[in-house]
Amino acid sequence: MPAHRMHGEFDNFDPLGLAAGARIAADCSLNWVNPDDGKLYCFASGTSLVYFLQSPNTRIRDAQAAWIKMQSSAH
């Protein structure tokens, strides 16, 4: 666990989980900071992070689309 509470995009849910339609919480001990915009993304497993890094921009777009859909269906 990180020494202090970190706040990542998507309320700290794993972006790959979101893209697959699941809210998988991550504690941000595994994370990546987008060098383009400085946003922090948190991952539930090393496998998820490695897979994400193969195509981060595509994975971010997929997670954003799923997150928007989840947020609109929750209201």
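## A buried residue before the first helix

Asn-12 has a relative accessibility of 3% and therefore counts as buried, where buried means under 20% relative accessible area, exposed over 50%, and partly exposed in between, with a 1.4 Å probe and protein chains only. This residue belongs to the segment before α1; helices (H or I, at least four residues) and strands (E, at least two) are DSSP runs, numbered from the N terminus. The structure is a predicted model, in which local features need pLDDT of at least 70 and side-chain atom pairs count only at pLDDT 80 or more, while totals for chains, interfaces and linings use all residues. Residues are numbered from 1 along each chain as its sequence is written, and side-chain values use heavy atoms, with hydrogens and water left out.

Contact means heavy atoms within 4.5 Å. Leaving aside neighbours within four places in sequence, Asn-12 is in contact with Arg-5, Met-6, His-7, Ile-24, Ala-25, Ala-26, Cys-28 and Cys-42.

Most residues other than glycine have a negative phi. Asn-12, however, has a positive phi, near 70 degrees. Phe-10 has a positive phi of about 60 degrees although it is not a glycine. Phe-10 is also placed in the segment before α1, and its relative accessibility of 8% means that it counts as buried.

## The disulfide

A disulfide is defined as a pair of cysteine sulfur atoms within 2.5 Å, and by this rule the count comes to one. The partners are Cys-28 and Cys-42, with sulfur atoms 1.8 Å apart. Because Cys-28 lies in the loop between α1 and β1 and Cys-42 in strand β2, the pair ties together parts that are 14 residues apart in sequence.

The torsion about the S-S bond of Cys-28 and Cys-42 is about 75 degrees, so the disulfide is right-handed. Cys-28 counts as buried at 1% relative accessibility, and Cys-42 is buried with a relative accessible area of 0%.

## The nonpolar core

A nonpolar core is a set of buried Ala, Val, Leu, Ile, Met, Phe, Trp, Tyr and Cys residues joined through side-chain atoms within 4.5 Å. The largest one has 13 residues, and those with the most contacts inside it are Phe-10, Leu-18, Trp-32, Tyr-41, Phe-43 and Phe-52. Two or more residues come from each of α1 (15-19), β2 (40-43), α2 (46-53) and α3 (56-73). The largest share, four residues, is that of α3.

The 18 residues of α3 should span 26 Å at 1.5 Å a residue, and the end C-alpha atoms are 25 Å apart, which agrees; the expected span is 1.5 Å times one less than the number of residues. In α3, Pro-56, Arg-59, Ile-60, Ala-63, Ala-66, Trp-67 and Met-70 are buried. Seen down the axis of α3, these buried residues fall within an arc of 135 degrees, so they line one face of the helix; the arc is that of the directions from the helix axis to the C-beta atoms.

The buried residues of α3 pack against α1, β1, β2 and α2. On the other side of α3, Arg-61, Ile-68, Lys-69, Ser-72 and Ser-73 are exposed.
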